[in-house]
Amino acid sequence: MSKKDLGLLILILVVGAVVTAINPRFLSAINLANTSNLVALFGILSIGQAFVIITGGIELSVGSLIALLGTLFIDFIAVRELDWPLAFVVIIMLGAVIGFVHGWLITRLKLQPFVVTLCGLLIYRGVARFYTADGTAGFAFGQNFPTLEFLTAGRSYGLPNSFIALIVIAIVMWVVLHRSVFGRYLYAIGKNEEAAKYSGIRTGRVIIAAYVICGVLTALSAIYFAMYTRSISPASHGQFYELYAIAAAVLGGFSLRGGEGSLFGVVLGTVLLQELQNLVNLLGIPSSLNFAVMGGVILIGVLVDQQWGVFRARRRMIEATRRNVAGAPAE
Amino acid sequence: MTSTDTTQPITAPFLSLDAVRKTYPGVVALDRFSMEVRPGEVIGLVGENGAGKSTLMKILGGVTRPDSGTITVDGVAHDGLTVEQSIGSGIAFVHQELNLFENLDVAANIFFGREPLRAGPLRLVDRARLRDMVAPLLKRVGANFSADAPVASLSLAQQQMVEIAKALSIKARLVILDEPTSSLPIAETEKLLDVIKGLKAEGISVIFISHRLHEIERVADRVVVLRDGTLAGTLAKDGINHDEMVRLMIGRMLKEREKAGEATRAPGSVALSAEAIRTSTYPDRPVSIELRRAEILGLAGLVGSGRTELARVLFGIDERLAGSVTLDGKPLNVTSAADAVANGIFLVPEDRKLTGILLDLSIAQNISLPNLPAHARRSLVSTGAELATAEKQKKNLGIKAPSVLTRTGTLSGGNQQKVVLAKWLAMNPKVMILDEPTRGIDIGAKAEIYGLMRALADAGVAVLMISSDMEEVIGVSDRIAVMHEGQLSGILDKQDFSQENVLLLAVGKKPKLLQAAGGVQ
C-alpha cells in the first residue's frame with residue numbers, strides 16, 4: 001500500500017470516528033450495510049472509470065449509461081420477460097460495445113475523450129428518456145426474481161452481496177492493473193503514449209480495451225443500481241454519477257493526465273465519498289449541501305496532498321544539506 | 001594557479017576561486033577546485049556532462065553555497081556568494097535555454113522590470129528614453145536588428161545577443177555563456193564568437209562553456225578542464241588544442257576518437273530493401289534504399305531533407321504512401337511500430353526524452369517494455385525475469401546507475417541512450433535504425449555508442465545511422481547515403497568519403513568521385 005493510500009485510509013477512519021462520536025448510529029449494522037452496499041455500487045463504477053483515467057482519458061457518459069442500461073435491463077426482464085441471465089449478458093455486451101465504440105472513436109478517429117464521452121452523456125440520456133417515453137421503468141406488482149434479487153440486493157454472512165462482488169472485482173482488477181502485462185501497458189501509455197508506441201506497443205488496442213473494461217463495469221453497476229432502486233425514471237437516474245466516479249479516482253490518487261493511481265486508492269476514494277454522504281445524513285446537515293460538502297472535502301484533500309508533497313521535498317532538501325554539513329569536515 | 005604561463009598578470013584577477021568543495025548526498029560534485037579570471041580574459045570551460053560545470057555555475061551565480069573554500073571577487077573574500085552578491089558584483093549568465101519574453105520587443109526584454117518611467121502617477125513607460133538606453137547596448141553586441149523588433153522574429157543567435165545586451169545593461173564584468181552555440185548553425189555561431197571578442201576588447205571577462213571544442217580553440221585565452229569534480233588541467237593560449245582538451249576531459253587518449261572502428265567483415269546480403277517509398281512530407285519524391293547486413297549505412301543530409309521521415313516510415317510510425325519493403329527478400333507490410341518490432345526492425349528515435357524512453361519508468365521497466373510478454377507468465381509480469389534481463393543489459397552496455405530500478409529520468413543523456421539501445425539489444429535486432437544517436441551525449445559515452453553500433457554490425461545486423469554530425473558520419477559509416485529535399489541524392493563508398501562530397505550531395509550537387517562508376521543515381 002502506498003503512502004497516499006495509507007493517508008486516505010487514515011482520513012476515512014478519522015472521519016468515521018468523529019461521526020461516530022457525534023452520532024453512534026454510524027456504526028449500527030443497518031447503516032454499515034447500507035453504506036457498504038452504496039460503496040459497492042459506486043466502487044464498481046469507479047474502478048471502470050479508473051481504467052480510462054489511467055490512460056489519460058475520461059469517460060463522462062457513465063451516468064447516462066447507468067440510466068439507459070438500467071432502463072433496458074428492467075424493461076427486458078419485467079416487460080419483455082426475458083430470462084434474467086440472458087438479459088444480464090445482453091446488457092454487459094451492450095456496455096462492452098459502447099465502450100468499444102468510444103475507444104475506437106478516440107484512437108482511430110483521433111477524437112478527444114472528453115468530446116466523445118460528453119456526446120455519449122447527452123445521447124444515452126436522451127435515448128433512455130425516449131425509450132420509456134419519459135416514463136418510469138419498474139417492476140409490476142408481485143414480480144419477483146429471487147436469485148437475481150439475492151445476488152444483487154441480498155446478503156451473505158451479514159455482508160451485502162454487492163459488496164462481496166466489489167471485493168472480488170477489486171481483487172481481479174488489482175491483478176490486472178498492477179501485475180499484468182496489460183496493466184503495465186496502461187501505465188506506460190498514461191505516462192507517455194508516444195514513447196509507448198515507439199516501444200512497439202499497440203497503444204490503440206490497449207486504450208480501446210480500457211474503454212471496454214469501463215463499459216462492462218458500468219453495465220454491471222447499472223444492473224446493481226437498477227435492482228437497488230427497482231424503479232427508474234431515466235430523466236434523473238444516475239445523474240452526476242460520472243462525477244462521483246471521477247472524484248473517487250482523483251481522491252484515490254489518480255492523475256487526470258494519466259499514468260498514476262492505484263486500484264486500492266480508487267476503492268478508498270469511493271469509501272470516503274460515501275462516508276461523506278452518510279455524514280451529511282447522520283449529522284443532520286441539510287441534504288441540499290450534499291454536493292458542497294463533497295466538493296469541499298475533495299478540494300481540501302487534493303490541496304493537503306499537494307502541500308504535503310511540497311513539504312516533504314523541502315524536508316528532504318534540508319536533511320540532505322544537514323548531512324552534507326556534517327560530512328564536510330571528514331574530508 | 002601554477003600551471004598558467006601566460007604573460008605576467010598585470011591586473012589583479014576579477015574573480016578567484018580557492019580550494020572550493022561542494023558535495024551532494026553521495027556525490028562530490030566539486031573538490032579542491034581553484035581558478036581565477038582576469039579582466040578581459042576569455043576562459044574556455046570544458047568537461048564531460050557531470051564533471052561539475054553546473055555546480056560551479058550555481059556557486060558563481062549564488063544559487064548554492066560551497067561546503068568549503070574561498071571565492072574572492074574584486075579582492076573581497078567570501079565563503080560563498082548570495083544571488084544578490086553575484087549580480088551586484090557584475091556576474092551575468094547567458095544560459096543555453098534563453099529567458100526571454102518572445103511576445104515582447106527587444107528593448108522591453110533588456111530593461112524588463114527596470115523600465116524608465118515618465119513622470120506622473122500612471123507610471124507609463126518612457127519609450128523614447130528606453131530606446132536611447134538600448135541603442136548603445138545593441139551597438140556593443142554588434143546587433144543587426146532594431147530595439148523594437150519582437151523577440152519572436154529574431155534568430156537564435158540574435159536572441160542570444162539580446163541576452164548578452166541584457167547582461168551588459170547591468171554593467172556586467174564577467175559574462176558566463178553556458179553552451180550558447182549548441183543549437184546555432186555555423187554562420188550564427190560566427191557572429192556570437194565575434195561578440196565574445198568584442199566583450200574581451202572592452203575588458204569584460206568571459207567564461208565560455210561549450211562542447212564544441214574548435215570554438216573554444218578559436219576564442220579562449222585559457223582553457224580550464226573539469227573532470228569528476230576536480231581541475232583536470234589548465235591550458236594556456238598556445239597549448240590549446242582539440243586532442244589535449246579531450247585527453248584532459250576523459251583522462252586518457254581516445255585512440256579511435258569518434259570512430260566506431262573498421263568493419264571486420266564484408267557487408268552481407270541485403271536485409272531490408274525499400275523500393276520507391278513515399279512519405280507524407282515529400283509525397284512526390286520516391287526513395288529507394290537497401291540496408292545490408294553487417295554494415296553501418298550512414299544517412300546524411302541537411303535538417304529537413306526527409307531522413308527522419310524515411311526512418312519513421314520504415315519503423316511503421318508514419319504511413320507509407322506508396323512503395324514496397326522487403327525483409328530478407330520477403331515482402332513486408334509494416335503498418336505500425338508493433339509490426340516493425342515483431343519483425344526485428346528497431347528504431348532509436350531522435351527525441352530520446354519524448355519517444356525513446358519513458359522517463360518515469362525504471363531502467364528495468366523501460367528495457368522490458370517492448371518485449372513484455374517474454375517477461376511474463378500467463379500474462380502476469382515476472383519481475384524476476386524483468387530484472388534479470390535488465391541486469392544483464394546494464395552490465396553489457398555499462399549503464400551507470402545505482403540500480404536497474406532507478407528512474408531513467410534521473411540518468412545522464414548518454415546513459416538514457418544506452419537504455420534505449422538496451423531494450424532493443426535484448427531482442428535480437430535484424431535492422432537497427434538510429435536517428436542522431438549521439439546528440440547531446442558526452443564524448444566518452446559517444447565512443448561507447450559507436451562501439452556498440454560496430455558490434456551490432458559485426459554480429460550481422462543491418463545498421464542505419466542518421467546523423468547531422470559530419471565527423472560522425474564519416475568516422476562511423478561503411479557507406480554514406482545522402483538525402484536532399486526528400487530524395488536520395490547519392491551513396492558514397494568508403495574511398496569517396498569526404499566532408500566536401502557529403503556536403504555536395506546534401507545540397508543536391510554531384511560529388512567528386514575517385515571512380516566514374518560511383519553510386520550516384
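Between which elements of chain B does the loop that holds E436(B) lie? Select E436(B) to begin: its loop runs between β19 (431-435) and α15 (443-458) of chain B. Helices (H or I, at least four residues) and strands (E, at least two) are DSSP runs, numbered from the N terminus.

The model is predicted, so local features need pLDDT of at least 70 and side-chain atom pairs count only at pLDDT 80 or more, while totals for chains, interfaces and linings use all residues. Residues are numbered from 1 along each chain as its sequence is written, and chains are lettered from A and ligands numbered from 1 in the order in which they are written.

Remain on E436(B) and inspect the backbone: phi is near 45 degrees, a positive value in a residue other than glycine. E436(B) counts as buried, with 20 C-beta neighbours inside 10 Å. A residue is buried if 20 or more other C-beta atoms lie within 10 Å of its own, exposed if 12 or fewer, and partly exposed in between, with C-beta atoms placed from the backbone.

Next, select D228(B), in the loop between β9 (222-227) and β10 (230-236) of chain B. D228(B) is not a glycine, yet its phi is positive, about 50 degrees. With 15 other C-beta atoms within 10 Å, D228(B) is partly exposed.

**Helix α5 of chain A**

Move to chain A and select residues 113-131, the 19 residues of helix α5. At 1.5 Å a residue, they should span 27 Å, and the end C-alpha atoms, 26 Å apart, agree with this; the expected span is 1.5 Å times one less than the number of residues.

Colour P113(A), V116(A), T117(A), G120(A), Y124(A), R125(A) and A128(A), which are buried in α5(A). They lie on the same side of α5(A) because they cover an arc of only 155 degrees around the axis, the arc being that of the directions from the helix axis to the C-beta atoms. Display α3 (62-79) and α4 (84-107) of chain A as well, against which the buried residues of α5(A) pack. Then turn to the other side of α5(A), where V115(A), L122(A) and F130(A) are exposed. After α5(A) comes A133(A), with a positive phi near 50 degrees.

**Where the chains meet**

Finally, show both chains: 22 residues of chain A are in contact with 27 residues of chain B, contact requiring C-beta atoms, placed from the backbone, within 7 Å. On the chain A side, select α8 (181-191), α9 (193-198) and α13 (290-327), the elements that give two or more residues. The largest share, 5 residues, comes from α8(A).

Notes
Contact = placed C-beta atoms within 7 Å.
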